[in-house]
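This report examines one protein structure for a reader who is new to structural description. Please keep the sequence and the three-dimensional view at hand while reading.

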Amino acid sequence: MKKIQLALGIGVMALGLTACGGNATQMENHEMNDTKEHSMQDDAMKDDMKMQGNAKKDGMKMQGNAMKDGMKMQDDAKKDGMKMQGNAMKDDMKMQDNAMKDDMKMQDNAMQDTKKEGKTSEKTMKKTKQPENSENTMKNAKTENTKKEMVKTETKKDKKIKKVNEGNLASDFSLKDTKGNSFTLSSQQGKKVYIKFWASWCPICLSGLEELNELAKNNNDFEVVTVVAPEFNGEKNKEEFVKWFDSLGYSNVKVLFDEDGQVLKNYGVRAYPTSAIVGTDGVLIGVQPGHMDKETIEKVFESVK
């Protein structure tokens with residue numbers, strides 16, 4: 001009986017040891033699985049961080065390339081714009097030169113025709129014989145006196161308009177300013193005149209008003225006036241312009257109204273702003289499209305007589 005009990009006890013102990021051994025093995029396996037799982041998670045996190053880093057680098061690279069392409073496109077557009085503007089100015093100056101040449105040619109032809117007509121009339125008068133009587137004698141005397149007076153008048157005009165600059169006389173005009181005062185170009189003889197043609201919708205014109213106001217305020221040896229054509233080329237009407245301009249506060253800038261647009265035509269204005277330079281003798285020195293700053297205007301007038 002004792003032997004049986006001893007055998008049973010030994011069996012129970014063996015079973016207990018086996019169970020303990022099994023539990024230990026399970027724990028070891030569980031710990032190994034946890035270690036593998038943590039290792040896999042670490043690897044996944046590293047891969048994810050690596051992917052994020054690469055994506056960030058690719059994004060920055062793409063952004064840099066896009067910025068470079070944008071800057072290049074802007075530079076190309078700027079160069080093209082400057083080239084187009086330069087070509088437009090050249091074409092406009094060429095058209096103005098041709099127009100001035102045509103005008104001079106027409107004036108020369110008109111003078112030649114007038115001379116021819118005068119010679120023809122003189123020949124006709126010589127051929128025609130008038131009866132010698134007191135009435136004809138008095139008429140001839142009056143005619144001679146009239147001719148003498150005309151010669152004296154022309155002589156006075158020549159002395160008054162003695163040309164000191166090369167070129168043709170500027171087209172005369174008489175316009176009213178924003179306050180209703182009249183300004184006549186021919187009455188300015190003896191003084192140089194700077195004329196600026198502009199419009200209220202022109203951004204380049206507006207950006208130069210402050211500088212123009214300062215130029216007109218200075219004690220220059222030339223008069224500064226500007227010309228605006230109400231309701232021409234998209235300009236405001238006269239009343240709206242006066243209200244708008246007075247609100248700007250440029251009190252030194254004199255604005256003249258070319259209400260029928262004839263002055264613009266006479267000076268060949270095709271773009272805003274455009275500047276015209278007139279000498280003391282009333283000669284039109286030149287018409288220049290485009291912006292002229294204060295220093296350039298002052299420098300130009302140093303060489304104008």
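The sections below treat the strands, a helix, a cavity, the cysteines and some details of the backbone. The structure is a predicted model.

## The strands and their pairing

The description begins with strand β4, which comprises residues 222-228. Are the residues of strand β4 buried or exposed? Of its 7 residues, 7 are buried, so the strand is largely enclosed by the rest of the structure. In a regular strand, the side chains alternate between the two faces of the sheet. In β4, both of these faces are covered. Phe222, Val224, Thr226 and Val228 are buried on one side, and Glu223, Val225 and Val227 are buried on the other.

Strand β4 has β3 as a partner, and the two pair in the parallel sense over 6 bridges. Within this pairing, Lys196 has Thr226 of β4 as its bridge partner. Strand β4 is also joined to strand β5 (residues 255-257); these strands run parallel and are connected by 3 bridges. Here the bridge partner of Val228 is Phe257 in β5.

Strand β5 has a further link, to β1: the two run antiparallel and are joined by 2 bridges. In β5, Phe257 stands opposite Lys176.

The bridge partner of Leu175 in β2 is Phe183. β1 and β2 form a hairpin, with 4 residues between them. In the turn of this hairpin, Gly180 has a positive phi of about 90°.

| Strands | Direction | Bridges |
|---|---|---|
| β3 and β4 | parallel | 6 bridges |
| β4 and β5 | parallel | 3 bridges |
| β1 and β5 | antiparallel | 2 bridges |

A further strand, β7, spans residues 284-289 and contains Leu284. Leu284 counts as buried because its relative accessible area is 14%, and the limit for a buried residue is under 20%. The C-alpha atom of Leu284 is separated by 8.6 Å from that of Asn165, although the two residues are 119 residues apart along the chain.

## A helix with two sides

Which residues are buried in α7? They are Lys294, Ile297 and Phe301. These residues cover an arc of only 65° around the axis, and therefore lie on the same side of α7. An α-helix has 3.6 residues a turn, so residues three or four places apart point the same way. On the other side of α7, Lys299 and Glu302 are exposed.

## The cavity

Of the elements, α4 gives the most, with 3 residues. By class, the lining has 5 nonpolar, 2 polar and 4 charged residues.

## The cysteines

A disulfide is a covalent bond between the sulfur atoms of two cysteines. A search of the whole structure finds 0 disulfides. Cys202 is buried, with a relative accessible area of 4%, and Cys205 is buried too, at 0%.

## Details of the backbone

The peptide bond that joins Tyr272 and Pro273 is cis, with an omega of about -10°. Pro273 is placed in the loop between α6 (262-266) and β6 (274-278).

Positive phi values also occur in residues other than glycine. Glu231 has a phi near 65°, and Asn233 has a phi near 55°. Glu231 lies in the loop between β4 and α5 (238-246), and Asn233 lies in the loop between β4 and α5 as well. Are these residues buried or exposed? Glu231 is exposed, with a relative accessible area of 62%, and Asn233 is exposed, with a value of 53%.

Notes: Residues numbered from 1 in each chain as written. Predicted model: local features only at pLDDT ≥ 70, side-chain atom pairs only at ≥ 80, totals over all residues. Heavy atoms only, no water. Disulfide = S-S within 2.5 Å. Buried < 20%, exposed > 50% of the residue type's maximum accessible area, 1.4 Å probe, protein only. Nonpolar A, V, L, I, M, F, W, Y, C, P; charged D, E, K, R; others polar. Pairing = 2+ DSSP bridges. Arc of directions from axis to C-beta.
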